[in-house]
Amino acid sequence: MKRSEINDILRAADEMIRRNGFALPPFAYWSPEEFRARSAEARHVIDARCGWDITDYGAGRFDEMGLFLFTLRNGRIDDLSAGRGMCYAEKLLISREGQLSPMHTHRLKAEDIINRGGATLVVELFGSDADGGFAGDRGGTVMCDGILRSYAPGECLRLAPGESVTLMPGDWHAFWGEGGDVLVGEVSTVNDDETDNIFRDGVGRFAAIEEDCDPLHLLVSDYATWLP
């Protein structure tokens, strides 16, 4: 993806987030230079990979297959392993109309996917096999807004604003916006995007960036190269 395209996506996402009554934390608007100057005090933000995140899953077709994310807060794997401390994470996502977030699961992360506003969020579901792999012939049960329901293999849930689904490790899922763009909330256990996303079709989690202009804001994937 070109950096200029990423900058445009950031501006559009910020406008949609504000339009739906949400406000991002102050560090969201730091310039790369300010982030570099304040990196010592922002150590947790950097290490927990909080902040802006845009992916085309390495396919180069963001409008067809991609996702905008902003990690608002994220705990530590050590706390999750100990069963105490900061064991949670929270994100905002934007799933555009017809824009696929491809079939994947998590080994560790349980998550609530919440339609925070906009159009309908479609979530396609499959169960896992005995080894946690994709099971195209297996359904299961999920909770929607705390109510248990069963689903057939490949069934699509349609979540209106305010509705949610709880996904456990091993629940295979893909999602997209229907009838317009959707602001999505994600509340989960500790999030590890580098190792805990298992994709059915072998796509990548992060985008390759062509630096055709300066970044408006740093992405979480920029921290390793832009910050000390």
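Guide: Strands here are DSSP runs of E with at least two residues, and they are numbered from the N terminus. Keep in mind that this is a predicted model. With that settled, our residue is Ser-150, which sits in strand 8, residues 147-151. Ser-150 counts as exposed, because its relative accessibility is 53% and the cut-off for exposed is over 50%. Leaving aside residues up to four places away in sequence, Ser-150 touches Gly-140, Thr-141 and Glu-155.

One core has 21 residues, and Tyr-151 is among them, along with Met-65, Leu-67 and Leu-159. The largest nonpolar core is a separate one, with 32 residues; Leu-24, Phe-35, Trp-52, Ile-54, Phe-68, Phe-70 and Tyr-223 have the most contacts inside it. At least two residues each come from helix 1 (3-19), helix 3 (43-47), strand 1 (51-55), strand 2 (67-74) and strand 3 (88-95). Helix 1 is the top contributor, giving 6 residues. Zoom in on Ile-54 and, sequence neighbors up to four places away aside, you find it touching Met-1, Ile-6, Ile-9, Leu-10, Phe-62, Leu-67, Phe-68, Ala-207 and Leu-219.

Asp-196 is buried but has no salt bridge, and Arg-107, the nearest side chain of opposite charge, is 5.6 Å away. What Asp-196 does have is a polar side-chain atom 3.1 Å from the backbone nitrogen of Lys-109. Again setting aside residues up to four places away, Asp-196 touches Thr-105, His-106, Arg-107, Leu-108 and Lys-109.

Last stop, the cysteines. Searching the whole structure turns up 0 disulfides. Cys-50 is too far from a partner to bond, because the closest cysteine sulfur, in Cys-87, is 15 Å from its own. Cys-50 is buried, at 2% relative accessibility. Cys-144 is in no disulfide either, with the nearest cysteine sulfur, that of Cys-156, 13 Å away. At 14% relative accessibility, Cys-144 counts as buried too.

Conventions: Residues numbered from 1 in each chain as written. Predicted model: local features only at pLDDT ≥ 70, side-chain atom pairs only at ≥ 80, totals over all residues. Heavy atoms only, no water. Core = buried A, V, L, I, M, F, W, Y, C linked by side-chain atoms within 4.5 Å. Buried < 20%, exposed > 50% of the residue type's maximum accessible area, 1.4 Å probe, protein only. Helix = DSSP H or I, 4+ residues; strand = E, 2+ residues; numbered from the N terminus. Contact = heavy atoms within 4.5 Å. Lys, Arg positive; Asp, Glu negative; His and termini not counted. Salt bridge = Lys/Arg side-chain N within 4 Å of Asp/Glu carboxyl O. Polar contact = N/O pair within 3.5 Å; in protein donor to acceptor, adjacent residues only side chain to side chain. Disulfide = S-S within 2.5 Å.
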